[in-house]
Amino acid sequence: MAKLENKQVIFKNFIDRAPQETDLELKVSDIGPRAPSGSGAFLVKNLYLSCDPYMRGRMRDFHGSYIPPFVPGQVVEGFGVSKVVHSDDPNFKPGDLVSGLTGWEEYSLIKKTERLRKIQLDDIPLSYHVGLLGMPGFTAYAGFYEVCSPSRGEHVFVSAASGAVGQLVGQLAKLHGCYVVGSAGSNQKVDLLKNKLGFDEAFNYKEEQDLNAALKRYFPQGIDIYFDNVGAEMLDAALLNMKIHGRIAVCGMVSQHSLSDPKGIHNLFNLVMMRIRMQGFLQSDYLHLYPRFLEHVIGYYRQGKIVYVEDVSEGLASAPAALAGLFSGKNVVRRDMLPNMCKHCTSQSISVNGSKPSHRL
Ligand SMILES: NC(=O)c1ccc[n+]([C@@H]2O[C@H](COP(=O)([O-])OP(=O)(O)OC[C@H]3O[C@@H](n4cnc5c(N)ncnc54)[C@H](OP(=O)(O)O)[C@@H]3O)[C@@H](O)[C@H]2O)c1
């Protein structure tokens, strides 16, 4: 049987700076049209690929992390939504839709099929399975409920708040009866937070001379919960504004991902003075909660209590720019600049075949 042409995004080599488009290259190769007999594998056509900040960590030559680095010269690995084309695994048949780890390419041969989840919900846009219902959404759920220990009426601060994780943290906190403020890097994102995602307040951290003063303005009585996505100066400023027995969930430090010499934190003594619990976490430690997460979030989504906004770049050729753009906050675009994109977009995914999801904004 004739082989299939397979466009791929290849990781070129390790870096110690912010990702650039030139760190990835496009290649066309070919792939057999069937999963080899006896392999237990299946062949998928990738439909949506997720573009996430953690991928930067896989671009450095460091093997002590929770996830191994990419292999230079090999296709980039990432979360995606795919359709089974041919299967040697009796649990999957052609036409099944799946989500989980796949490759940044048109077709992938999936050998560890147990790592993919079958999608059976046809009322939810497919691309949401790499966002709202995928790893970023689950991170928000696990981080907020399991790490932040929230109570009704508490004051919550979320950084990178319009992103894939932050936007759901804020909405879950509102549904929990909390007061929620988010920070983001543009006025357009601030508008989105306040007028689309239901945050009580939001501010553009790039326009603030003094982050400590900004947080004092929004939290005159202090912060109960800080959901940290960025680290560095924002974490330092939040430490100065926490209430006694406040909680800081350290989800990520996107501001530090590209630095070979990360910035220090100066206000850690406040952990003692204010008896703050600061805890890092990985969503993968909570995977046993995934079914509960799906039930919870799908329920809210179907009731119209949660919205999700995303940024879909079309075609594999746009993937290198999409990844580089995450580290300069480019994952919100103006419709007049890129006419094919949704107006209020934040969670970044790449549509492999050029089709677009339907948005419920
Ligand atoms: N612990 C876990 O298991 C886990 C799982 C998933 C993600 N994460 C982490 O969660 C965080 C958010 O991930 P996401 O998928 O939701 O990403 P995202 O927010 O959708 O995209 C990254 C955003 O980070 C902001 N950013 C980039 N560089 C920055 C800088 N130097 N300073 C401040 N903000 C910067 C930008 O928004 P602005 O325009 O607002 O600056 C950018 O749009 C990341 O740190 C990620 O590594 C952790």
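## Overall dimensions

The chain has 361 residues, for which a compact globule would have a radius of gyration near 21 Å; the value for the chain is 21 Å, so the two agree. The radius is taken over C-alpha atoms, and the globule rule is 2.2 Å times the number of residues to the power 0.38. The C-alpha trace spans about 70 × 45 × 40 Å along its principal axes.

This is a predicted model, in which local features need pLDDT of at least 70 and side-chain atom pairs count only at pLDDT 80 or more, while totals for chains, interfaces and linings use all residues. Residues are numbered from 1 along each chain as its sequence is written.

## Helix α3

Nine helices and 15 strands make up the secondary structure of the chain; these are DSSP runs numbered from the N terminus, with helices being H or I of at least four residues and strands E of at least two. Helix α3 (residues 166–175) has eight of its 10 residues buried, so it is largely enclosed by the rest of the structure. A residue is buried if 20 or more other C-beta atoms, placed from the backbone, lie within 10 Å of its own.

The buried residues of α3 include L168, V169 and L172. Their packing partners are α2, β8 (155–158), β9 (179–184), α4 (187–195) and β11 (223–228), with a contact meaning C-beta atoms, placed from the backbone, within 7 Å. Just after α3, G177 has a positive phi of about 90°.

How values were computed. Buried ≥ 20, exposed ≤ 12 C-beta atoms within 10 Å, placed from the backbone. Contact = placed C-beta atoms within 7 Å.
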